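Dear colleague,

Please find below the structure that I am handing over to you.

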Amino acid sequence: MGDVKIGDHMKIPVHSIFHQEAGHSGKVVYISEDGNIVTVKCDRKHGGKTVAFNIQLEEEEEY
Ligand SMILES: [Zn+2]
């Protein structure tokens, strides 16, 4: 916790519903107060739209 800052780039993990494409990364646009959840805006368009995803940092350590 605390290592991620707004504006950082990070990989977006594959999510079965919200983010099905692997290998995307994006920019951190929001960090929750406890620092466990960040919102990352994907660099790539999804169906022509810019989308943002909530990522739970604790889960990312399992990769
Ligand atoms: Zn994406």
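In strand 3, Val38 is the bridge partner of Ile31. Strands, like helices, are DSSP runs numbered from the N terminus (E, at least two residues, for strands; H or I, at least four residues, for helices).

Two remarks on conventions come before the rest. This is a predicted model, in which local features need pLDDT of at least 70 and side-chain atom pairs count only at pLDDT 80 or more, while totals for chains, interfaces and linings use all residues. Residues are numbered from 1 along each chain as its sequence is written.

Overall composition and confidence

The chain has 1 helix and 4 strands, and along the sequence these follow the pattern β-β-β-β-α. Its mean pLDDT (the predictor's confidence in each residue, from 0 to 100) is 89, and 89% of the residues reach 70 or more. Confidence is highest in strand 2, at a mean of 97, and lowest in helix 1 (residues 57-60), at 65. Where pLDDT is low, the predicted coordinates should not be read in detail.

The strands form an open sheet of 4 in the order 1-2-3-4, with antiparallel pairing; two strands pair if DSSP finds at least two bridges between them. Strand 1 (9-11) and strand 4 (52-56) are the edge strands, each pairing on one side only. On average, neighbouring strands of this sheet are turned by 45 degrees against each other, direction ignored (axes are lines fitted to C-alpha atoms, for helices over the stretch in contact, and angles run from 0 to 180 degrees between N-to-C directions). Strand 2 (residues 25-31) and strand 3 (residues 37-42) run antiparallel and are joined by 5 bridges.

Two residues in the sheet

Lys41 lies in strand 3. Lys41 is partly exposed because 14 other C-beta atoms lie within 10 Å; a residue is buried at 20 or more such atoms, exposed at 12 or fewer and partly exposed in between, with C-beta atoms placed from the backbone. Beyond its neighbours within four places in sequence, Lys41 is in contact (C-beta atoms, placed from the backbone, within 7 Å) with Gly26, Lys27, Val29, Thr50 and Ala52.

Gln56 belongs to strand 4 and counts as exposed, since it has 12 C-beta neighbours inside 10 Å. With neighbours within four places in sequence set aside, Gln56 is in contact with Asn36 and Ile37.

For the chain of 63 residues, buried residues make up 8%.

With kind regards

Terms used
Two residues are in contact if their C-beta atoms, placed from the backbone, lie within 7 Å.
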